[in-house]
Amino acid sequence: MFKWFVDPGHGGRDLGAVGNGLQEKNVTLAIAKKIKSIAEREYEGVQVRLSRSSDVYLSLNERTRMANSWGADLFTSVHINAGGGTGFESFIYNGNYSRKVQTDRVRFFVHDEIVNQTGFRDRGKKQANFHVLRETRMTAHLTENGFIDNASDASKLKFDAFLEKIARGHVLGAARAYGWKRKSSGGSSGGSGSSSSGTFYRVITGSFKNRSNAEKRQQELKKAGFDSFLDADKHKGETFYRVVTGSFKDRSNAEKRQGDLKQNGFDSFIDIYKK
Ligand SMILES: [Zn+2]
């Protein structure tokens, strides 16, 4: 089970940013609830826990403590920006830490999918020393989804359908980063154009007869910041364990992953997988 901890920023007496008739704490909660329902409805083996599911105050410490004690695999803090500007930006922790390559890689996918889904102006992939990013013991990022004090951004944030796009961007990005499998029956409410069936381009970083050799490769990949999963493939009566380092609808994304792997010294090939 993949454990995704989603943290809607602010809450209760902490309104967050306000503007154009909106309060940040309400918008972040609406987005977080949508992330949970899309991810759990459409993907296999994904569980989402929210730091809050109502309008209550939580300290930053309580948020990170909850994620750490649950043993989350991924932490996403959802915010709305303010202070003059427009568009989307995201943050990872700016320190030196062992998970940084992996953290940046996951953020890369999530960031780009949100920009993709919303059409927000891309303000860039940033780093900062935020409590929720520094004190979490798992891959963590924070998203700033438009400016509440910008009339144009705020007018979009008032529409439920737009919040749905923001949420879907978060989910699609994480799904792509971790190679989640879509549920084969039902669930898809459409909107993104991606479907649970069709052709996938899978990046394979090794095929082994011996399972422990495949697991060794997985550990090497993990050290370099790449998540993978094993797929048992029967070939002429023999079982091979393939190390899958990404599964993509677009061939170009699979090729991009191959390039990243190559830079880290891993050769790979693309396997066309039909579901
Ligand atoms: Zn905020």
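Me: Before we start, what should I keep in mind about the model and its numbering?
Reply: It's predicted, so local features need pLDDT of at least 70 and side-chain atom pairs count only at pLDDT 80 or more, while totals for chains, interfaces and linings use all residues. Residues are numbered from 1 along each chain as its sequence is written, and side-chain values use heavy atoms, with hydrogens and water left out.

Me: Why is α1 called oblique to α6?
Reply: The axes of α1 (residues 24–42) and α6 (residues 160–178) come within 8 Å and cross at roughly 55 degrees. That makes the pair oblique, because under 35 degrees would be roughly parallel, over 145 roughly antiparallel, 65 to 115 roughly perpendicular, and the rest is oblique. The crossing is right-handed.

Me: Which residues of α1 and α6 meet?
Reply: Contact means heavy atoms within 4.5 Å. On the α1 side, V27, I31 and I38 are among them, and on the α6 side the list includes L163, I166 and V171. By class, this contact has 10 nonpolar, 1 polar and 6 charged residues.

Me: What about α3 and α6, how do they cross?
Reply: The axes of α3 (residues 100–118) and α6 come within 7 Å and cross at roughly 145 degrees, and the crossing is right-handed. F109 and I114 are among the α3 residues in contact, and the α6 side includes F162 and L172. By class, there are 10 nonpolar, 6 polar and 5 charged residues here.

Me: How do you know that K125 sits over the ring of F108?
Reply: The rule asks for NZ of Lys or CZ of Arg within 6 Å of the ring centre and within 35 degrees of the ring normal. The charged end of K125 is 4.5 Å from the centre of the F108 ring, and counts as over it. K249 likewise lies over the face of F200, at 4.8 Å from the ring centre.

Me: What makes F2, W4, Y43, Y178 and W180 a cluster?
Reply: Ring pairs link them, and rings of Phe, Tyr and Trp (its six-membered ring) pair if their centres lie within 6.5 Å. By this rule the count comes to 12 aromatic pairs.

Technical notes: Axes are lines fitted to C-alpha atoms, for helices over the stretch in contact, and angles run from 0 to 180 degrees between N-to-C directions. Helices (H or I, at least four residues) and strands (E, at least two) are DSSP runs, numbered from the N terminus. A crossing is left-handed if the near helix is turned anticlockwise from the far one by less than a right angle, and right-handed if clockwise. Ala, Val, Leu, Ile, Met, Phe, Trp, Tyr, Cys and Pro count as nonpolar, Asp, Glu, Lys and Arg as charged, and the others, Gly among them, as polar. Rings of Phe, Tyr and Trp (its six-membered ring) pair if their centres lie within 6.5 Å; planes under 30 degrees apart count as stacked, over 60 as edge-to-face and the rest as tilted.
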